[in-house]
Amino acid sequence: MKEKLLTSLESLQIELHDALKDVESPQGLQEARVLFLGKKGKLTQILKGLGKLDAKDRPQVGAKANEIKENLEEIFDAAELRLQAQVYEQAIAKDLFDISLPGRPIVQGHVHPLTQIYELATQTLEKIGFQTYSGPEIEDDYHNFEALNIPEDHPARDLQDTFYLPGLKWLLRTHTSTVQIHVMEQNEAPIRMIAPGVVYRADSDVTHTPMFHQIEGLWIDQKTTFADLKGVLTLFIQEIFDQKTQVRFRPSYFPFTEPSAELDISCVFCQGKKKNCAICKGTGWLEILGCGMVDPAVFKYVKYDEEKYTGFAFGIGLERLAMLKFGINDLRLFFENDYRFLEQF
Ligand code: PHE
């Protein structure tokens with residue numbers, strides 16, 4: 001009984017080979033598939049005999065049946081490929097395809113210019129020794145304003161500038177300086193952190209979009225001075241642009257730094273040589289980022305010893321950096337995703 005079953009299983013393969021020899025069409029193939037592998041097909045018929053076998057023989061015959069089933073399927077697959085190729089050959093012979101036509105080009109995307117700048121800037125800062133952190137985009141008033149020494153009546157809290165969530169408890173962060181607070185709450189000094197990310201302000205015109213990107217930087221240690229700030233930021237700027245780029249620090253104001261400065265770079269388009277330069281307006285300088293020494297008032301909020309530690313912070317606008325680096329003149333182009341714009345970078 002067992003031997004008989006095994007032989008008829010074996011011979012199924014030969015039978016199938018014979019049956020497929022004359023098959024010329026997909027329908028023929030389908031019919032053969034039903035005949036051999038269908039519910040009432042030859043394989044099923046043979047397997048009916050399995051029930052009559054001694055229990056000890058069943059596993060062996062069962063395993064053989066599975067093996068044969070796989071083989072049959074492979075034979076069908078090969079036949080299908082053969083038929084497919086025949087169909088194409090016939091079509092080509094009848095001139096249904098013009099194989100001399102050029103193929104359709106595959107459109108290849110690439111990295112968005114903002115992402116390129118984001119990666120260049122974070123990698124450059126990481127080389128200098130900063131570690132990358134991220135923070136939430138939905139913030140509370142405390143992290144966005146209060147702990148950064150921005151009191152309740154400060155104009156930076158203006159409802160016009162800020163997107164509040166219903167209830168006014170939460171808001172979309174207006175700058176990445178919030179991450180300074182999160183990192184200091186969770187870590188002891190010394191700190192060397194950067195925090196790239198998206199920020200939001202209720203502004204929209206040629207030079208403002210309601211959403212844009214910043215990289216925050218914070219460096220805290222004992223005896224950190226303004227000279228460290230100048231050294232690190234000069235190095236950064238010269239890595240991003242080129243070694244000949246000049247920098248100047250102009251006094252400014254931020255509630256969370258004291259003293260505060262605005263960093264300008266020498267005009268990357270005219271090098272200060274063109275009186276009518278549209279980019280620097282003939283001044284020779286371009287404003288590029290805000291920075292300063294961390295105000296001791298901020299250390300009080302995060303319970304750092306303001307006698308022991310000093311530090312500096314900076315905030316870079318990534319769109320502005322990309323515009324200067326690539327010579328782009330309209331901020332909105334970054335967000336329109338026009339292929340003719342994007343493929344230039
Ligand atoms: N958070 C400031 C802004 O968005 C930039 C800044 C960061 C300034 C850190 C000083 C220090 O304008």
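**View 1. Asp338 and Arg340 make a salt bridge, with their closest N and O atoms 2.7 Å apart.** Here, a salt bridge is a side-chain nitrogen of Lys or Arg within 4 Å of a carboxyl oxygen of Asp or Glu. Keep in mind that this is a predicted model, where local features need pLDDT of at least 70, side-chain atom pairs count only at pLDDT 80 or more, and totals for chains, interfaces and linings use all residues. Residues are numbered from 1 along each chain as its sequence is written, and side-chain values use heavy atoms, with hydrogens and water left out. How exposed are the two partners, Asp338 and Arg340? Asp338 counts as partly exposed at 26% relative accessibility, while Arg340 is exposed at 61%. The labels work like this: buried is under 20% relative accessible area, exposed is over 50%, and partly exposed is in between (1.4 Å probe, protein chains only).

**View 2. Glu67 reaches Lys64 in a salt bridge, their closest N and O atoms being 3.5 Å apart.** Both sit in helix α4 (residues 58-93), and because they are three residues apart there, about one helical turn separates them. Helices (H or I, at least four residues) and strands (E, at least two) are DSSP runs, numbered from the N terminus. Glu67 is partly exposed, with 40% relative accessibility, but Lys64 is buried at 19%.

**View 3. Asp264 and Arg248 form a salt bridge, and here the closest N and O atoms are 2.9 Å apart.** Asp264 belongs to strand β7 (residues 257-266) and Arg248 to strand β6 (residues 247-254), so this pair ties together parts 16 residues apart in sequence. As a general idea, side chains of opposite charge can pair when their charged atoms come close.

**View 4. Strand β9 (residues 310-317) pairs with strand β5 (residues 211-221) in the antiparallel sense, over eight bridges.** Two strands pair if DSSP finds at least two bridges between them. To find one of these spots, look for Trp219, whose bridge partner in β9 is Phe312. Strand β8 (residues 285-294) also runs antiparallel to β9, joined to it by five bridges. There, Cys291 has Phe314 of β9 as its bridge partner.

**View 5. The ligand has 14 residues around it, and His175, Ser177, Arg201, Gln214 and Glu216 come nearest.** A residue counts as near if one of its heavy atoms lies within 4 Å of the molecule. For Gln214 it's an oxygen atom, 3.0 Å away. Taken alone, the ligand exposes 320 Å², and the protein buries 89% of that. These areas come from the Shrake-Rupley method with a 1.4 Å probe; for residues, only the protein chains shown count as cover. The elements giving two or more residues to the shell around the ligand are α7 (177-186), β5, β8 and β9. Of these, β9 gives the most, with three residues.

Notes:
Polar contact = N/O pair within 3.5 Å; in protein donor to acceptor, adjacent residues only side chain to side chain.
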